[in-house]
Amino acid sequence: MEKRSQWASSLGFLLATAGAAIGLGNLWKFPYLMGRNGGFTFLIIYLIFVVVLGIPVMITEMAVGRSTQKSAVAAYHKLGGKKAAVIGVLGVLAAFLILSYYSVIGGWIIKYIVSYATTLSAPADFAAYTAQTWEPILWHLVFMAMTIVICYVGTKGIEKVSKVMMPGLFILLLVLIVRSVTLPGAEKGLAFIFQPSGEGLTFSAINAALGQVFYSLSLAMGITLTYGSYLHKKENIPGNCAKIAGMDTMAAVMAGVAIFPAVFSFGLEPTQGPVLIFDTLPQVFANIPAGSAFAILFFVLMLFAAVTSSIALLECVSSFAMDNFHWSRRKATVILGVLIALLGIPSSLSFGVLSDLSILGYNFFDFICMITDNILLPLGGLLMCIFVGWVWGPKMLVEEIESEGVKFRLKKAWIWCIRLVTPVLIAVVMIGGFVSIYQVVIGAR
Ligand code: TRP
């Protein structure tokens, strides 16, 4: 049998996993969700969920991968037959849907780079730009094409580039933070993030935080499982998971601290949704010496973070087709990539001609977000906990995690989490989510 490939180094593994995890979810989605859901309240719920649900699920997923030495669908199939394989299929479906709109945002970023490079400034009115029909679609297709090409020719160079780009991103975030918190009126933004208040404590905020934990940590999509299958037995899984979750959360919080003081300082609306960072950041750059040079650098780094995530997402989908339908890599990436690109078009149009189209009260873009973040990902995580916790058994995984002398100190807590705390929490939040969707539907009538 062919030997399964392994990570060349621990650092390579950490960077690749962090590279898939840190993406638009941190820089774009986290700030806008926080803005919509009361700032501090959202942050706290999010942090709690990362600890009691994100890290335990991540440990589980990674250990299942290392124990089976397979990718998602095949791994669950091996452990629990056809029924268990459904868990993997849910993840593939989620990756397919997520990438379709991820690429629309990726297109916005390319537009910014082009705009800064040619006019030294951002597009004047971003809402008006996204409301256009053709240009945003064009850049979305460019982003998807880049993703397809990289997956097609292979991702070898990425690991090397990541070693420079990821630290670069953190440094630039720091520069932005310094500028943002020294703007007049910045305190209001800091208070929005860090001052305890019950504002925005609603079910939909809790629900959004749950979805965001899965989304941002790239859980329940098979990617953590697949990466785990390349992991050496002597690596400490819980320790690595804590580090990855820590880096990912730090990136998200830093993005928040870079953005909200500026939002309040410039008198913008924190609740404006997906266009939030595209509206605020240019104003910060306009107040920095040589701002447009920093802006280009920042959006290039952001594009890079987006691409390292988008290729991993396409990889989730295409490796499924390669394993299960025996498609070649080329056939899988091109056919599925094109289908995903087509599905992204209505998402792009949701900010313009299709803005009045309502599916259960959501526009197309928000509808796809809702299906993935609030249904598919938590459901996948829930089923995984139930399967591992009650059917297959956490004992086997503890053995896997503790192979080659690794000590898993918190194993009791982890077993409690995946058997009880995590699934119950996910179930409660999901049921609450359905209730709030139902209310939206009623309200929309
Ligand atoms: N975590 C990524 C981000 O924050 C998005 C993402 C979700 C992802 N699931 C994934 C990326 C699976 C790669 C693979 O942007």
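**Note on the predicted model**

1. Thr17 lies in helix α1, which spans residues 10-21; helices (H or I, at least four residues) and strands (E, at least two) are DSSP runs, numbered from the N terminus. The model is predicted: local features need pLDDT of at least 70 and side-chain atom pairs count only at pLDDT 80 or more, whereas totals for chains, interfaces and linings use all residues. Residues are numbered from 1 along each chain as its sequence is written, and side-chain values use heavy atoms, with hydrogens and water left out.

2. Thr17 is buried, at a relative accessible area of 6%; buried means under 20% relative accessible area (1.4 Å probe, protein chains only). Leaving aside residues up to four places away in sequence, Thr17 touches Tyr227 and Ile244, a contact being heavy atoms within 4.5 Å.

3. The protein chain contains 17 helices and zero strands. Its radius of gyration is 21 Å, close to the 22 Å that the globule rule gives for 445 residues, so the chain is as compact as a globular protein of that length. The radius is taken over C-alpha atoms, and the rule is 2.2 Å times the number of residues to the power 0.38.

4. Of the 445 residues in the protein chain, 58% are buried. Among contacts between residues at least 6 apart in sequence, 81% join residues at least 24 apart.

5. The protein chain carries 28 positive and 20 negative side chains, and the centres of the two sets are 11 Å apart. Lys and Arg count as positive and Asp and Glu as negative, without His and the chain ends; each charge is placed at NZ of Lys, CZ of Arg, CG of Asp or CD of Glu.

Definitions and conventions: Buried means under 20% relative accessible area, exposed over 50%, partly exposed in between (1.4 Å probe, protein chains only).
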